[in-house]
Amino acid sequence: MKYIVAIKSDSCLTQLKQLQVNDVIVSDSYYSSSITDNDISKTIELIQKVKSANLGCIVRVDRLYDQKEIEELSQYLLLLEKNKVDALLFSDIAVKVLVDQLKLSVKTIYAPETLLTNYYDIELLKDNGVSGCVISKDIPYNEMAAIADKVKNYCYLRVFGEVLISYSKRRFVSIYLNKYQQYKDGYYLQEENRDIKMPLVEKESGFWLYGYMLHSLDKIKEIVASDYAGIIFDQVFMDDLYQLEVVKIYHEVIDGNMPWQLGYEKLLGLNDKISYQSISEVKQTVLEK
């Protein structure tokens, strides 16, 4: 099983490798959902540093693409192939089609957030040559485990990171405020009958709304003993040092050096403003939530 961590810079590559991380996810600001200042040149530079550190490199290309963007997306994918990235994390089927048309060797991991909820979804992906997929975080844990058991060593599971509630190409905040700009830091929505503040991101390429920070400390030893292809640490708003501390906590729990309850206390101590939800608490329906 691979351990995969999303990063924004090269600041923690050595420490992550020491923690037995196999692959990292890198992103640029235009082709991905990520909050990053990396343009294409900085992303390529980061890819090269990741490869030099002998870590696997997955590039996030996980937004929707209009027809007019297909040619430039093709050129970007060719550039990633030239720099020998290992896999693409994508949510628009156009990415897989272009990989096939361009005859690229890069692997493809389908991560459409909420859509992969049963075994037949995933079996269809395998039949169409997709290298792997990320199971939806919106289904109960026992169903995630059942899917992974039927499709062994194919599915990835996000074990830590914000739950994406909504994604759209519409720029809702800009329209509401009548001010067209990027909203990346400190903006949130809050429902009248709930206390949780839902952070949001709005860029030129779309709008993303997030909810709780999902954790899996109470289930992580069971997860790593299962037949997943890998587990993913993928939070959006915090920096790489925070991500590194999270991986350290998980590492201690997985190795049996710390009970998960103590790990959770340490997690709370990293930032007391974050609202967490366990993967074991995810319910089947909106009414149950």
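This report walks through the overall build of one protein chain and then visits a few of its residues.

The model is predicted, so local features need pLDDT of at least 70 and side-chain atom pairs count only at pLDDT 80 or more, while totals for chains, interfaces and linings use all residues. Residues are numbered from 1 along each chain as its sequence is written, and side-chain values use heavy atoms, leaving out hydrogens and water.

## The whole chain

Let's start with the big picture. The protein chain has 10 helices and 12 strands; helices (H or I, at least four residues) and strands (E, at least two) are DSSP runs, numbered from the N terminus. Along the principal axes, the C-alpha atoms fill a box of roughly 50 × 45 × 40 Å. A compact globule of 289 residues would have a radius of gyration near 19 Å, and the 18 Å of the protein chain agrees with that. This radius is taken over C-alpha atoms, and the globule rule is 2.2 Å times the number of residues to the power 0.38.

How much of the chain is buried? Buried residues make up 52% of the 289 residues, where buried means under 20% relative accessible area, exposed means over 50%, and partly exposed lies in between (1.4 Å probe, protein chains only). The chain exposes about 14,200 Å², of which carbon and sulfur atoms supply 48%; such areas come from the Shrake-Rupley method with a 1.4 Å probe, and for residues only the protein chains shown count as cover. Among contacts (heavy atoms within 4.5 Å) between residues at least 6 apart in sequence, 65% join residues at least 24 apart.

## Rings and charges

The structure holds 14 aromatic pairs. Rings of Phe, Tyr and Trp (its six-membered ring) pair if their centres lie within 6.5 Å; planes under 30 degrees apart count as stacked, over 60 as edge-to-face and the rest as tilted. One of the pairs joins F160 and Y250 edge-to-face, with 6.1 Å centre to centre and 75° between the planes. Because F160 lies in strand β7 (residues 155–168) and Y250 in helix α9 (residues 240–254), the pair ties together parts that are 90 residues apart in sequence. F160 counts as buried at 1% relative accessibility, and Y250 counts as buried at 1% too. Ring pairs also link F160 and Y250 with F233, Y242, Y264 and Y276 into a cluster.

Charges can sit over rings as well: NZ of Lys or CZ of Arg must be within 6 Å of the ring centre and within 35 degrees of the ring normal. Here are two examples.

| Charged residue | Ring | Distance to ring centre |
|---|---|---|
| R63 | Y30 | 4.7 Å |
| K126 | Y154 | 5.6 Å |

## A buried arginine

Strand β7 also holds R158, which counts as buried at 5% relative accessibility.

## Two loop residues

K103 is not a glycine, yet has a positive phi of about 60°. K103 sits in the loop between α4 (93–101) and β5 (107–110) and counts as exposed at 72% relative accessibility. N178, also not a glycine, has a positive phi of about 55°. Its place is the loop between α7 (172–177) and β8 (188–189), and at 66% relative accessibility N178 counts as exposed.
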